[in-house]
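Subject: Handover of a structure and the findings

Dear colleague,

Please find the structure below, together with its sequence. I would ask you to keep it open while reading the notes that follow.

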Amino acid sequence: MNLKLPKHLAIIMDGNGRWAKLKNKPRVVGHVKGTKVAKQIITDCSRLGIQNLTLYAFSTENWYRPQNEVSFLMKILRRYLKKETQNLVKENIRFSVIGDLNRLPSDVIETIKNSIQATATCTGLNLIFAISYGSQQEITDAMKSIGRSLLTGELNLEDIDTALISKRLSTYPTPDPDLILRTSGEQRISNFLLWQAAYAEFYFTDVLWPNFTKSDLLTALESFTKRQRRFGALSEAHENLNH
């Protein structure tokens, strides 16, 4: 099958904890395995020719997990970026993040900045980690930004439309996701890209993230290829006008 690739694939990587529980291992073992899978899927997406990939790495709600688990997740993130940044450059992958980085440990913030800088001139896959990210907070921040612009006279009420709101979101100028994939059998969006997902296709699989493979990715892309995207009453041609 000739695959129709999404311009932007977003993945909710779910199931690390359940995978570890099934193997009678601590949850952190699941997170380590999940990180290895993420590394492989990033490479697979890059080599397939997907232009934009967003991975939901750590939500604002994840801060409520036990402190030792949060600390371990920060350690994994720091270690991954230090170890893999040169590989991202080699694969021509540009790295960036969305989310409230102010809540992250200072050494993790510094590592993220270094990775962004090191990959800034790469022109291949646009890889985005959603870290300390919550879509409701993102939309709230965008509304505050617009409100401030109204108060200063930079904007008039008539200037506010969907395009303006999109420009005030942290994902701008990355196009909205065409396909949102979630592993582990859960069928909810969990405060992820709520505004941007207005016309996204969804793909849910029972596969736990640590077991997710390139074959599973291709199955999702085959499902996406078969779908007729109509954007409500509009034709798929409308899609091309918005990207």
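Predicted model: local features only at pLDDT ≥ 70, side-chain atom pairs only at ≥ 80, totals over all residues.

Which pattern does the chain follow, read along the sequence? The order is β-α-α-β-α-β-α-β-α-α-β-β-α-α. In total the chain has eight helices and six strands; helices (H or I, at least four residues) and strands (E, at least two) are DSSP runs, numbered from the N terminus.

Residues are numbered from 1 along each chain as its sequence is written, and side-chain values use heavy atoms, with hydrogens and water left out.

Overall form

The radius of gyration of the chain is 18 Å, which agrees with the value near 18 Å for a compact globule of 243 residues. This radius is taken over C-alpha atoms, and the globule rule is 2.2 Å times the number of residues to the power 0.38. Along its principal axes, the C-alpha trace spans about 55 × 45 × 35 Å. Of the 243 residues, 46% are buried; buried means under 20% relative accessible area, exposed over 50%, and partly exposed in between (1.4 Å probe, protein chains only).

The accessible surface of the chain comes to about 12800 Å², and 50% of it belongs to carbon and sulfur atoms. Such areas come from the Shrake-Rupley method with a 1.4 Å probe, and for residues only the protein chains shown count as cover. Among contacts (heavy atoms within 4.5 Å) between residues at least 6 apart in sequence, 76% join residues at least 24 apart.

Cysteines

How many disulfides does the structure hold? There are zero, where a disulfide is a pair of cysteine sulfur atoms within 2.5 Å. For Cys45, the nearest cysteine sulfur is that of Cys122, 16 Å away. Cys45 counts as buried because its relative accessibility is 0%. Cys122 is likewise in no disulfide, and at 8% relative accessibility Cys122 counts as buried.

Salt bridges

The structure holds 13 salt bridges, each being a side-chain nitrogen of Lys or Arg within 4 Å of a carboxyl oxygen of Asp or Glu. One of them joins Asp14 and Arg18, at 3.1 Å from N to O. Asp14 is buried because its relative accessibility is 16%, whereas Arg18, at 33%, is partly exposed. Both belong to a network of salt bridges that links Asp14, Arg18, Arg182, Glu186 and Arg188.

Another salt bridge is formed by Arg65 and Glu69, at 3.0 Å from N to O. Arg65 is partly exposed at 29% relative accessibility, and Glu69 is buried at 6%.

A further salt bridge brings together Arg227 and Glu201, at 3.2 Å from N to O. Which parts of the chain does this pair link? Arg227 lies in the loop between helix 7 (214-226) and helix 8 (237-241), and Glu201 lies in strand 6 (residues 201-204), so the pair links distant parts of the chain, 26 residues apart. Glu201 is buried, with a relative accessible area of 18%.

Ser135 is in helix 5 (residues 135-152) and is buried, at 0% relative accessibility. A polar atom of its side chain lies 2.8 Å from the backbone nitrogen of Leu194. Apart from neighbours within four places in sequence, Ser135 is in contact with Asn191, Phe192, Leu193, Leu194, Trp195 and Gln196.

Asn191 is placed in the loop between strand 5 and strand 6 and is buried, with a relative accessible area of 13%.

Backbone features

Most residues other than glycine have a negative phi, and most peptide bonds are trans. Asn191, which is not a glycine, has a positive phi of about 60 degrees. Ser184 also has a positive value, with phi near 85 degrees. Ser184 is found in the loop between strand 5 and strand 6 and counts as buried, at 8% relative accessibility.

Is the peptide bond from Tyr172 to Pro173 cis or trans? This bond is cis, with omega near 10 degrees. Pro173 is in the loop between helix 6 and strand 5 (179-182).

Yours sincerely,
A colleague

Note on methods. Polar contact = N/O pair within 3.5 Å; in protein donor to acceptor, adjacent residues only side chain to side chain.
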